[in-house]
Amino acid sequence: MAEDGYNFAYLDEQTKRMIRRAILKAVAIPGYQVPFGSREMPLPFGWGTGGIQVTASIIGPDDTLKVIDQGADDTVNAVSIRKFFARTAGVATTEQTEAATIVQTRHRIPETPLGAGQILVYQVPIPEPLRWLEPREAETRKMHALEEYGVMHVRLYEDIARFGHIATSYDYPVRVNGRYLMRPSPIPKFDNPKMDRSPALQLFGAGREKRIYAIPPHTQVRSLDFDDHPFEVQKWADVCAVCGSGESFLDEIVTDDRGGRMFVCSDTDYCARRREAGHTGPATRDAETGGA
Amino acid sequence: MMQEAPPLLSARGVTKFYEGIPGCRDVSFEVWPGEVLGIVGESGSGKTTVLNCISARLEPTSGTVEYATRHDGPADIYRMSEPARRLLMRTDWGFVHQNPREGLRMGVSAGANIGERLMAVGARHYGNIRQAANDWLDKVEMDTGRMDDLPITFSGGMQQRLQIARNLVTAPRIVFMDEPTGNLDVSVQARLLDLLRGLVTDLGLAAVIVTHDLAVARLLSHRLLVMRRGKVVESGLTDQVLDDPQHPYSQLLVSSVIHP
Amino acid sequence: MTAAIRIEGLAKSFTLHNQGGVRLSVLDGFDLAVEAGECVALHGPSGIGKSTVLRCIYANYRADRGRILVRHRDGTVDMAAAHPREILAVRRETVGHVSQFLRVIPRVAAEDVVAETLRGRGADPEAATKAARRMLQRLNIPAELHRLAPATFSGGEQQRVNLARVFVADYPVLLLDEPTASLDRENRDVVLKLIREAAGRGAAIAGIFHDSEVRDAVATRTVPLIAAREAA
């Protein structure tokens with residue numbers, strides 16, 4: 001049950017209506033940044049206020065919410081936001097990707113493929129992909145309007161010139177539906193292919209910058225690249241030390257001060273469910289055989 | 001008698017007022033393909049205002065500027081669509097600033113500075129872009145080994161060369177230059193002038209060069225406009241204007257030059 | 001057949017606006033015709049306007065009145081009235097002018113200065129440079145100087161570079177303003193030979209030769225200039 005003294009999901013209904021209008025416009029123009037009247041929230045800008053406002057505007061009493069931060073359900077930010085909605089909306093929460101109707105995320109897309117009817121809400125720090133080379137908002141809007149996106153490749157060119165390959169590894173720019181250039185928020189480029197033609201609705205909220213944008217279901221999302229340096233995702237020589245997965249995004253964990261380290265899944269739900277299904281990784285196998 | 005190609009650029013009655021104060025008044029001239037036009041005059045005479053007006057950077061209060069586009073013939077640059085104008089500015093035109101910081105992206109390498117215009121018109125092959133950047137560094141007599149260095153590490157003369165290469169990579173037909181050698185040492189200036197003259201001749205470029213330096217005007221331009229208080233007081237062949245100036249102001253200007 | 005150069009009623013004065021508006025009348029009603037193969041020497045005391053005539057033909061000075069017809073391509077161009085681009089075409093293809101001073105970009109090599117004449121006429125750069133070197137050699141500019149900028153040369157050497165940049169091309173009309181002024185005897189003879197060769201291939205030449213020996217050697221005709229009346 002929701003606590004007394006709050007409107008359902010914290011925001012007042014007029015604000016939700018305003019944000020829903022922005023979301024509808026964003027869905028109608030995939031990748032286009034729609035300005036909206038971002039509200040003060042009971043936590044600072046930069047802590048996911050954009051995502052929270054989007055979630056608050058679309059969530060209903062029957063929804064089930066999952067919140068992740070860097071793929072994990074149990075970090076401070078994820079726990080706080082989950083609790084926030086549990087208290088102000090009284091909705092059910094879950095850690096299971098497929099059980100959620102809404103997944104709010106910071107910096108990752110779940111490994112478990114999303115399906116039709118699910119909504120992924122991204123927390124976005126800086127929405128404007130052209131900002132690094134053009135500080136004037138009026139000018140970046142004009143560049144979007146006229147599709148003057150060639151300069152974006154300058155950055156990728158610099159990567160190759162400096163490192164021999166495109167070294168940008170997160171917040172990797174994409175073209176949505178062959179039209180708007182978009183920042184996917186600081187997700188690893190490993191996750192970029194998951195955005196392409198996803199059956200789920202993807203919504204992006206930037207609270208401080210007051211922008212909302214969207215990728216409707218089944219929309220083409222292409223990562224920028226060069227003909228002779230095609231887009232590639234990260235690969236690891238290791239598998240997850242815990243569940244043995246060779247297909248997920250791995251975090252490196254330093255285990256001691258003598259250079260010891262291991263790689264584990266960044267998506268905690270995915271990793272735990274694989275363990276439940278009986279998968280093991282190098283670390284868990286060692287522990288079991290060591291104990292036997 | 002001569003085969004008449006149409007002028008590349010025609011300015012007619014170009015007038016610009018800044019809050020009621022005239023920047024330039026009733027300036028008319030034409031630039032033909034392959035021709036270098038110099039605009040001279042002292043500071044505040046309106047020469048940079050004219051340059052900005054004819055290069056789509058500053059809409060005149062009255063008058064027209066027509067450019068002979070490659071496909072659609074002469075077009076008023078302030079009446080064409082904004083996308084068309086912006087495309088023109090970054091492909092068919094070049095603009096070389098006095099201060100290279102205004103014309104270069106200081107945060108990215110020399111190669112990226114040259115490649116940017118190519119990428120802006122759709123080049124998506126890294127190797128080819130790099131090759132073009134390499135060729136252009138070579139053409140402006142820069143060390144190709146410094147392609148990945150930031151412009152900030154180059155000398156003023158080298159930055160100016162880089163700015164020129166960055167503009168010429170899309171094979172423009174006309175380049176606007178605002179005091180291109182203004183910030184350089186005399187010795188560096190001479191080499192740059194030689195380079196510019198060679199490029200203009202070899203590529204058949206048209207150029208409009210604003211300068212207060214009559215020696216620069218003499219060496220680079222075929223024709224000259226002398227401006228004073230926003231008006232063109234004299235125009236003609238460069239050596240005619242400099243060796244046989246008619247207007248009192250031109251005579252004063254020419255006689256004020258100190259010959260070493 | 002029309003003359004290569006025909007001047008009719010040329011008037012030229014200078015108004016010095018910054019020196020009290022003094023008006024100096026130099027030429028008034030001057031006529032001249034030069035046929036192909038002729039070498040006409042303009043003669044008269046200093047300041048009478050000999051150089052002014054040559055400069056008016058080259059359109060370096062603007063005529064006040066009169067016509068200056070130069071045979072160019074298949075027709076004639078009035079250099080006193082032609083459009084700047086026409087004048088440039090005439091200078092490129094038809095009229096070569098050896099002035100008394102060499103004016104070039106500092107730091108450009110002598111051979112490039114000379115080759116530019118041919119490159120401007122559309123010659124292949126390599127062939128142009130070769131021809132330039134040959135002409136410099138002929139004017140006794142040693143090969144080791146070819147790659148150097150003429151600004152560092154002596155007066156005589158500079159004058160020879162100046163001559164080379166004109167004689168390297170076969171101009172149908174040549175205007176020579178004291179071409180041998182600062183040359184020694186040996187180089188003077190080279191220039192005399194070049195002038196005679198040019199006349200021999202049919203060039204129309206108008207020149208100012210201060211040195212009577214030179215004048216006698218090349219001029220087919222001498223035209224005396226008389227002072228125009230000084231106007232108030």
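**Chain B against chain A**

I began with salt bridges and found 4 across the interface of chain B and chain A, a salt bridge being a side-chain nitrogen of Lys or Arg within 4 Å of a carboxyl oxygen of Asp or Glu. I noted that the model is predicted, that local features need pLDDT of at least 70 and side-chain atom pairs pLDDT 80 or more, while totals for chains, interfaces and linings use all residues, and that side-chain values use heavy atoms, without hydrogens and water. Residues are numbered from 1 along each chain as its sequence is written, and chains are lettered from A in the order in which they are written.

I looked up Arg90(B), whose side chain meets that of Glu148(A) in a salt bridge at 2.9 Å, N to O. I then listed the elements that give two or more residues to this side of chain B: helix H2 (82-91), helix H4 (110-120) and helix H5 (126-139). Helices here are DSSP runs of H or I with at least four residues, and strands are runs of E with at least two, numbered from the N terminus. H4(B) gives the most, with 5 residues.

I checked the extent of the contact (heavy atoms within 4.5 Å): 22 residues of chain B touch 21 residues of chain A. The buried area is about 1,900 Å², with 59% from carbon and sulfur atoms; the term means the accessible area (1.4 Å probe) that two parts lose on being put together, summed over both. Arg86(B), Arg124(B) and Tyr126(B) supply 39% of the area that chain B buries against chain A, more than any other three residues.

**Chain B against chain C**

I turned to chain C and found that this contact takes 30 residues from chain B and 31 residues from chain C. Between them the two chains bury about 2,700 Å², 53% of it on carbon and sulfur atoms. I found 5 salt bridges across this interface. One I looked up joins the side chains of Lys12(C) and Asp244(B) at 2.6 Å, N to O. On the side of chain B that touches chain C, the elements giving two or more residues are H7 (186-203), H8 (214-220), H9 (238-243), H10 (248-255) and strand E10 (231-237). H7(B) has the largest share, 8 residues.

I counted 7 helices and 9 strands in chain C. Its C-alpha trace spans about 55 × 40 × 35 Å along the principal axes. Of its 232 residues, 53% are buried, that is, under 20% relative accessible area with a 1.4 Å probe, protein chains only.

Terms used
Buried means under 20% relative accessible area, exposed over 50%, partly exposed in between (1.4 Å probe, protein chains only).
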